[in-house]
Amino acid sequence: MNIKILIDDHIFRIAPSGGIGRLYRELLPRVARRNPKIHFYVLCSEDTVLYLPQHDQIHPRYLALWDKRLSGGFSKISGLQKRRLEQQIKKLQPDIFHSTYYALPPIEGVKTVATVHDLIDYEFPLLMPNGPGFVDRQRAVLTQADHVICVSRSTMDSAARAFGLTPEGMTTVYNDASAVFQPKRPGVNSNFRKAHTLNKPFFLFVGEHRSYKNLSTVIRAFGQIRDKTDHLLLLAGHSIYRLEQHFVDLAIEHRIGDRIIRLHHPSDELLCQAYSSSDAFIFPSLQEGFGIPLIEAMRCQTPVIASDIPVFHEICGDAAMYFNPHHSDQLARSMLAIIESETKAPIILAGQEKSKLYSWDKSAELMEGIYVDLVS
């Protein structure tokens, strides 16, 4: 008997290039390859279908009314339209609904799986990256789910405390990095610096510039060491084309405006070259659910400087130099220290070993087991 799993397209609407979208693009095809009886039906639009994972057992489903719904409900459509949409979905006869980003099931009577990607809105309500009402929706989805997947043990513990979830109904399924992230030859690194960093050494920041990513601390720390090194600061990601004004003001205040370079919307191959060519990767987040860039950096044999938060210790162990994310002076000292070869080498070696623990294939095996157990 086939197992039909209904998936929504929410994460492919709001952040198609982010880590969560990558999670589903990596895992769903692997689950399908492992089990020919599992079929995914993805509610999507013509705009989002381009970002969906590809496999013969992954089936896009265009429903006209689906485009009119909000991520957390159906408040944009009338009661009659909602019933018509429910009827269309019921015709698929799904066994399980698994939302990509905290949506309640669009129909009743199906088992539900929910994935906890992070607890940032709950733990940092002042930042509120997902907007008002998100925590209430997150709580509703997680407490109603038949099984909850967590991307790290730290996230599982936080979710259990925040929403009263029990460990029996939760499983840790780690993320991994794309296979492209591997160390590059010295010639490749030299060519990258010539093309992108004026042939100068540099520190690397990867990600958005949303508040919890803590880019401001990196800028302050870099300003503190500007006269002690000729390094540049390279900002790579999908949302750094235009820096917000307060980051620009901060860079000018610390006299480093001419030493910050941006790499906008890089391919995985180009980002891999950036990791391999950098003297250190800095991950200063106040909170994360996992942190795929950590695996990317370790695989590229790039030393890591990371926030001293539980999830980063879980992911990296001894393969990072840690700093208090609220103290730019600690980060500044770490940036200077890691340039020294005797500090860098053991971190790189530890990263090579630690990164071997993460595997999309192992995670797909766990996810397949969750689906099969729910239906059984």
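**Legends to the close-up views**

**View 1. Contacts along the chain in the predicted model.** Of the contacts between residues at least 6 apart in sequence, 68% join residues at least 24 apart. The fold contains 15 helices and 13 strands.

**View 2. Overall dimensions of the chain.** The C-alpha trace spans about 65 × 40 × 40 Å along its principal axes. For 376 residues, a compact globule would have a radius of gyration near 21 Å, and the value of 22 Å for this chain agrees with that.

**View 3. The largest pocket and its centre.** This pocket holds about 1100 Å³ of space. Its lining consists of 45 residues. Those nearest the centre of the pocket are Ser 17, Gly 18, Gly 19, Ile 20 and Lys 213.

**View 4. Helices that line the largest pocket.** The elements giving two or more residues to the lining are α1 (10-14), α2 (19-34), α4 (120-123), α10 (268-277) and α11 (292-299). Among these elements, α2 gives the most, with six residues.

**View 5. Residue classes in the lining of the largest pocket.** Sorted by class, the lining has 20 nonpolar, 14 polar and 11 charged residues.

Technical notes:
Residues are numbered from 1 along each chain as its sequence is written. This is a predicted model: local features need pLDDT of at least 70, side-chain atom pairs count only at pLDDT 80 or more; totals for chains, interfaces and linings use all residues. Side-chain values use heavy atoms; hydrogens and water are left out. On a 1 Å grid over the protein atoms alone, a cavity is a set of points where a 1.4 Å probe fits but cannot get out, and a pocket is an open set with protein on both sides within 12 Å along at least five of seven lines; lining residues have an atom within 4 Å of a point. Grid points are joined across faces, edges and corners, and a volume is the space filled by probe spheres set on the points. Helices (H or I, at least four residues) and strands (E, at least two) are DSSP runs, numbered from the N terminus. Ala, Val, Leu, Ile, Met, Phe, Trp, Tyr, Cys and Pro count as nonpolar, Asp, Glu, Lys and Arg as charged, and the others, Gly among them, as polar. The radius of gyration is taken over C-alpha atoms; the globule rule is 2.2 Å times the number of residues to the power 0.38. Contact means heavy atoms within 4.5 Å.
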